[in-house]
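Hi,

Here is the structure I promised to pass on. Have a look at it first, and then read on for my notes.

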Amino acid sequence: MLVLAVMLAACGLFGLPGVLIHINLRSRGYGLIPSVGLGMATLVVVFSAAASAVGYSVFLQLGLTVALDVALLLALRSGSAGRRVRWWPRVEVWQCLLIVLIGVVYLAPAFLISVPFDTDAQGFGLLIATVRESGSISTPAPFYPQVGWFYSPGFFLLGAQIADLTGIGIHTVMLGFSHLLSLGVIAGIGALGLRMGGRASGWWAAVVAAGGVALFTTLMDSAYTNLLGLWLTTTFLWMLGKALKSGVFGDTLLAAMCLSAVLLGHPDSILHLL
């Protein structure tokens, strides 16, 4: 049940901004999945900037999250164009069943194993612990303040916030949050396929991503920052296509923000883009 609590907390904290972005911008073609990815990218950039300036603070991050939600709600109240567009995408019965199957396959392991596999999880868990204890995203203080580290802080800041707000152990937080991220990757790939080749291409892209061994083994190997980076990468590519097609300056700015989020989520994902 603790894993479920982590997943619900992550959806509430990091998913709500994306849902509000979708409701505000759906009339301009912003789908639900890309909007949730855009909300995640926004939080990664904002949290990283705040931690770079004053260090990590759960209350600061919670305040920034609430401020973003309130701003999006106020924007929703001031405009009415987006409300005339269908809120939820049309999904057939077989597609619902497929979504449920993929969800079970990728979420079930989090409930079946007690701790993450592989040594990557040990390092990521330690960095979440040091971020919580010291607020630093550059040294493993207070344990080894003389040692510096330089790595994308996004996953650790998100994980630290969930752990602080729920009081659940870091290993459980990483399990629940990361297995949820894997669904974000699959959905993001599907949304990108939809933009590039239409509805059928989007579903096939999602199925291939979920059915192959690469993503599942990445998840089970505890390459958690890689999962965050992959989702942010698909969101950036979707936004890049949107910006190139629309030519709207605001879309270009959002695409640029998503690109910065990719680097702040997982450094190697920049190489994947190249």
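Ser269 is buried, at a relative accessible area of 0% (buried is under 20% relative accessible area, exposed is over 50% and partly exposed is in between, with a 1.4 Å probe and protein chains only). This serine lies in helix α12, residues 268-273 (helices are DSSP runs of H or I with at least four residues, numbered from the N terminus). Setting aside neighbours within four places in sequence, Ser269 is in contact with Gly229, Leu230, Thr233 and Val262 (contact means heavy atoms within 4.5 Å).

Before you go further: this is a predicted model, where local features need pLDDT of at least 70 and side-chain atom pairs count only at pLDDT 80 or more, while totals for chains, interfaces and linings use all residues. Residues are numbered from 1 along each chain as its sequence is written, and side-chain values use heavy atoms, with hydrogens and water left out.

Thr218 is another buried residue, at 18% relative accessibility. Thr218 lies in helix α9 and touches Ala223, Asn226 and Leu227, again not counting residues up to four places away in sequence.

Now the aromatics. How many aromatic pairs does the structure hold? There are 12 (rings of Phe, Tyr and Trp, the last by its six-membered ring, pair if their centres lie within 6.5 Å; planes under 30 degrees apart are stacked, over 60 edge-to-face and the rest tilted). One of them is Tyr106 with Phe216, an edge-to-face pair at 5.5 Å centre to centre and 80 degrees between the planes. Tyr106 sits in helix α4 (residues 93-112) and Phe216 in helix α9 (residues 213-220), so this pair ties together parts that are 110 residues apart in sequence. Tyr106 counts as buried at 1% relative accessibility, whereas Phe216 is partly exposed at 28%.

Phe124 and Phe156 make a tilted pair, 5.9 Å centre to centre with 45 degrees between the planes. This pair also links distant parts of the chain: Phe124 is in helix α5 (residues 120-134) and Phe156 in helix α6 (residues 154-166), 32 residues apart. Both of these phenylalanines are buried. They belong to a cluster that ring pairs build from Phe14, Phe124, Trp149, Tyr151, Phe155, Phe156, Phe177 and Tyr224.

What sits over the ring of Trp238? The charged end of Arg195 does, 4.4 Å from the ring centre (the criterion is NZ of Lys or CZ of Arg within 6 Å of the ring centre and within 35 degrees of the ring normal).

On to the core. The largest nonpolar core has 67 residues, of which Phe14, Met40, Phe155, Phe177 and Tyr224 touch the most other members (a nonpolar core is a set of buried Ala, Val, Leu, Ile, Met, Phe, Trp, Tyr and Cys residues joined through side-chain atoms within 4.5 Å). Helix α7 (residues 170-197) gives the most to this core, with 10 residues. Leaving out neighbours within four places in sequence, the contacts of Phe155 include Phe124, Met174, Phe177, Leu181 and Tyr224.

Last, the cysteines. A search of the whole structure finds 0 disulfides (pairs of cysteine sulfur atoms within 2.5 Å). For Cys11, the closest cysteine sulfur is in Cys96, 17 Å away and therefore too far for a bond. Cys11 is partly exposed at 43% relative accessible area, and Cys96 is partly exposed at 38%.

Cheers

Notes:
Helices (H or I, at least four residues) and strands (E, at least two) are DSSP runs, numbered from the N terminus.
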